[in-house]
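Subject: Structure handover

Hello,

Here is the structure I promised to pass on. Please open it alongside this note.

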Amino acid sequence: MAEFRMPSLGADMDNGRVVEWRIKPGDIVHRGDIVVEVETDKGTFEVESPIDGAVSAIAVQQGTKVPVGTVLATLGEPTAAEPRASPAARQLAAQSNIALATVRGTGPGGVITIQDVQRAAAAATPTKIAVAAEPAELEAAVDARAAMRRAIAAAVTRSKREIPHYYLSTDVDLSRAAEWITSQNVRRPVTERLLPSALLIKAVASALTRYRDLNGFWVDGAFRPGIGIHVGMAISLRGGGLIAPAIHDADRLTVDQMMLALRDVVARARGGRLRGAEMTDATITVTSLGDQGVTTVIGVIYPPQVAIVGLGKISERAWAADGKVSARLTVTATLAADHRVTNGHYGGLFLAEVDRLLQSPETL
């Protein structure tokens with residue numbers, strides 16, 4: 001019997017409220033399936049099952065607030081009665097919040113097909129009625145924003161108090177990168193065009209493959225390298241506050257895949273549809289305020305991470321090269337890092353690697 005516990009969705013999370021269960025006793029779940037929505041001071045998140053199993057019991061009811069580590073449900077070994085389904089049917093069932101155990105399979109040997117899941121989803125979809133927001137709902141939204149600000153304040157206060165930061169910055173010539181992006185976008189529809197942010201984040205992720213001591217966590221008095229390079233992208237929320245969900249395995253993505261991942265995670269963050277793993281897996285954070293006209297961004301490390309990269313506004317500046325001064329597109333990249341793990345020399349090499357990669361954008 002395995003126990004599914006209230007996860008920690010951030011270093012500053014002490015407790016969470018069970019908003020909605022996506023499972024019930026008797027359901028079969030697989031690792032990665034969404035099983036519950038949890039509300040914290042930073043918002044509501046979808047939490048995945050860490051294992052395969054059959055749901056034995058739900059220990060915490062919807063609406064209940066409990067500390068991190070509390071047992072929420074118990075899972076047993078899957079039985080021989082586990083529904084068989086095609087991979088596409090499993091994916092659609094997870095997206096549609098349909099328990100496969102409730103679906104009758106019409107495929108060969110009783111296998112659940114994608115059409116079976118579509119029928120089940122259609123039968124389960126309730127009619128939605130739009131209603132005006134009640135005053136109590138508006139007050140709750142205000143309270144949620146205030147709670148998020150308190151959570152952010154607690155995290156950055158802890159960071160500045162406990163982490164010995166050092167800070168570095170460098171100006172990067174983006175002329176070649178801008179020309180490459182233009183050449184890539186010339187034949188693309190607007191919806192598929194690349195933005196400089198995708199290339200910049202890809203360069204950061206690629207540089208971390210060489211400078212891995214900036215990618216990980218300070219835990220129990222020692223550095224623990226991150227398993228994979230999962231870049232947390234700082235996103236400002238429309239209702240106020242800040243969140244930094246992870247783009248998983250960012251170093252392995254192409255620039256096009258990075259662009260898709262950025263659009264996806266920003267949309268879901270602002271729509272309140274992030275997953276728990278996206279809030280816990282980030283191994284480093286990138287923050288960019290260039291669209292706000294900010295030239296230089298100096299970040300505060302989000303514990304237990306050990307580094308944060310800041311990206312400012314891309315703008316034309318006077319640039320001296322080869323004995324000539326000309327106008328070049330440039331960006332200021334900064335690094336705030338934990339002096340217990342690395343030093344200025346190491347951090348400087350990392351920023352130099354980011355610069356070098358951006359001079360050959362076609363290789364990213």
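Which residue forms a salt bridge with R161? The partner is E162, and the closest N and O atoms are 3.6 Å apart. A salt bridge here is a side-chain nitrogen of Lys or Arg within 4 Å of a carboxyl oxygen of Asp or Glu. R161 is exposed, at 58% relative accessible area. E162 is partly exposed, at 41%. The cut-offs are under 20% for buried, over 50% for exposed, and partly exposed in between (1.4 Å probe, protein chains only).

A word on the source. This is a predicted model, where local features need pLDDT of at least 70 and side-chain atom pairs count only at pLDDT 80 or more, while totals for chains, interfaces and linings use all residues. Residues are numbered from 1 along each chain as its sequence is written, and side-chain values use heavy atoms, with hydrogens and water left out.

Strands are DSSP runs of E, at least two residues; helices are runs of H or I, at least four; both are numbered from the N terminus. D171 is partly exposed, at 38% relative accessibility.

D264 and R268 form another salt bridge, with the closest N and O atoms 3.0 Å apart. Both lie in helix 6 (residues 255-270), 4 residues apart, so about one helical turn separates them. D264 is partly exposed, at 38%. R268 is buried, at 13%. There is also a network: salt bridges that share partners join R22, E37, E46 and R275.

**Nonpolar cores**

How many residues does the largest nonpolar core have? It has 71. Such a core is a set of buried Ala, Val, Leu, Ile, Met, Phe, Trp, Tyr and Cys residues joined through side-chain atoms within 4.5 Å. The residues with the most contacts inside it are W21, L214, L335, F350 and L358. Helix 5 (residues 196-208) gives the most to this core, with 9 residues. Apart from this core lies another, of 9 residues, including A89, I98, I112 and V117.

Take a look at L358. Its contacts (heavy atoms within 4.5 Å) are V172, L174, A177, L199, L200, A203 and L364, leaving out residues up to four places away in sequence.

Best wishes
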